[in-house]
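Trainee: I am new to this structure. Please show me how to read it.

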Amino acid sequence: MSASESKTELRLGLAGLGTVGSGVVKMIQDTQDLLQERTGSVISVVAATARDKKKDRGFSMDGMTWHESAVDVATDPNVNVFVELIGGSDGPALDSVRAALMNGKHVVTANKALIALHGSEFAQLADDHNVALNYEASVAGGIPIIKSLREGLVINQVKRIFGILNGTCNYILSVMEETGRAFDDVLKDAQDLGYAEADPSFDIGGIDAAHKLAILTSLAYGCEVDFDSIYIEGIETISAHDIAMAKELGYRIKLLGIAEKSDAGISQRVHPCFVKLDRPIANVSDVTNAVVVDTDYLGRLVLEGPGAGQFPTASAVIADIADIARGVTQPVFMKPARDLKPGAAIAMDQHVGEYYIRLTARDKPGVMAEITQDLADEGVSIETIIQRGAEGVENVPIILVTHKCQESVMNRALQRIAAHDAIVRPPRMIRIEDV
Ligand code: HSE
């Protein structure tokens with residue numbers, strides 16, 4: 001498509017007419033005049049595919065050619081921008097995006113798994129064919145974090161980027177804290193409300209957040225996307241007791257995705273964190289997402305907003321489409337694809353931080369001495385220790401907060417502690433994060 005053509009007509013081919021896809025069509029139909037006014041282009045959906053052709057989606061399909069497959073939409077000669085809203089890192093999503101790029105069509109997608117796993121290949125294809133690959137909606141729904149990194153922060157070095165990247169987990173942790181209810185119970189609510197993905201294990205297991213983090217890391221540090229190096233822990237084992245203890249100690253538990261660069265390389269991790277109650281990120285609740293970027297020249301950037309939902313996500317998809325209409329093309333990951341190199345990954349056992357430990361122990365003489373001796377032998381210094389036994393109760397929780405130490409050392413100490421007969425359940429460790 002030449003620059004002059006891009007200013008006059010954008011002919012979209014849409015694959016996937018679920019919640020987000022339907023939202024995109026409705027918004028384009030409802031905001032035609034505004035879109036034209038702001039982009040100088042006529043933007044319309046000329047081709048589409050979805051699982052069910054006959055379903056009433058509440059908008060007119062007049063003027064759209066129906067195709068039986070996403071690849072057919074991507075290769076339809078009438079389409080000059082392919083919009084992939086199917087989801088999933090393989091199958092039709094992968095085949096159609098690849099086909100679109102190889103056929104020289106611009107691509108817009110909301111698919112975090114696809115970009116997290118195939119982003120480097122796609123970046124090269126996009127560069128080779130001189131087309132845009134835009135994916136704003138793939139991270140934190142409606143929050144314009146990709147634009148902020150790709151454009152606004154182009155001359156800043158990112159020291160650390162972190163955030164609440166999964167609304168389902170944030171909702172579950174918020175409701176558990178507000179109500180004292182158990183994890184499984186609140187997860188069911190999140191599913192009934194439609195927050196969780198079709199397979200909730202991707203949400204609660206931290207994988208969805210890790211897909212998003214992989215994308216942010218690549219943009220922040222101008223390196224290849226490296227999902228496999230991310231350390232991932234979900235929120236499945238967080239108990240109402242941990243949440244209550246966090247509060248008592250002055251913290252709140254949040255699932256964070258964190259990427260950080262040091263001289264040794266790049267660390268990427270997704271796990272539950274204790275964060276101080278007075279920090280802005282501790283007060284982002286329910287399904288809301290937030291991303292914080294610490295940089296050299298700009299300082300700290302904080303973005304907070306809806307991380308999911310039909311129209312917030314569709315709004316981000318249309319912003320990407322509008323960029324193409326305006327002739328704005330950015331390198332996929334901050335620099336030309338040929339210059340993207342793997343970022344040296346730092347292993348999790350090199351992490352240094354403070355830790356919250358929950359032990360369950362028999363209430364008998366000498367147990368505390370054994371535990372503290374193990375910690376002393378490994379050189380782990382205790383900041384706080386709490387044990388509240390009660391008359392006639394056999395097993396009691398012991399809560400420890402440590403000073404900073406290396407994670408490999410913490411793990412060794414926990415292995416020794418777990419080996420005592422008096423420790424009746426595997427220790428639970430949650431990292432305390434200085435954000
Ligand atoms: N299921 C995701 C979440 C929304 O809970 O944040 C889309 O990425």
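**Reading the fold**

Mentor: Start with contacts along the chain. This is a predicted model. Among contacts in the protein chain between residues at least 6 apart in sequence, 74% join residues at least 24 apart.

Trainee: How many helices and strands does the protein chain have?

Mentor: Its secondary structure comes to 15 helices and 17 strands. The C-alpha trace spans about 80 × 45 × 35 Å along its principal axes.

Trainee: What percentage of the 435 residues is buried?

Mentor: Buried residues account for 53% of them. The protein chain exposes about 18300 Å². Carbon and sulfur atoms supply 49% of that area.

Trainee: What describes two packed helices?

Mentor: The angle between their axes and the distance between the axes. Take helix α2, residues 19-30, and helix α13, residues 310-325. They pack at an angle of about 65 degrees, and their axes lie 8 Å apart.

Trainee: Is the crossing of α2 and α13 left-handed or right-handed?

Mentor: The crossing is right-handed.

Trainee: Which residues in α2 meet which in α13?

Mentor: On the α2 side, look for T19, V20, S22, G23, V24, K26, M27 and I28. They meet Q310, F311, T313, A314, S315, V317, I318 and I321 in α13. The residues of this contact divide into 9 nonpolar, 6 polar and 1 charged.

Key
Residues are numbered from 1 along each chain as its sequence is written. This is a predicted model: local features need pLDDT of at least 70, side-chain atom pairs count only at pLDDT 80 or more; totals for chains, interfaces and linings use all residues. Side-chain values use heavy atoms; hydrogens and water are left out. Axes are lines fitted to C-alpha atoms, for helices over the stretch in contact, and angles run from 0 to 180 degrees between N-to-C directions. Helices (H or I, at least four residues) and strands (E, at least two) are DSSP runs, numbered from the N terminus. A crossing is left-handed if the near helix is turned anticlockwise from the far one by less than a right angle, and right-handed if clockwise. Contact means heavy atoms within 4.5 Å. Ala, Val, Leu, Ile, Met, Phe, Trp, Tyr, Cys and Pro count as nonpolar, Asp, Glu, Lys and Arg as charged, and the others, Gly among them, as polar. Buried means under 20% relative accessible area, exposed over 50%, partly exposed in between (1.4 Å probe, protein chains only). Accessible areas come from the Shrake-Rupley method with a 1.4 Å probe; for residues, only the protein chains shown count as cover.
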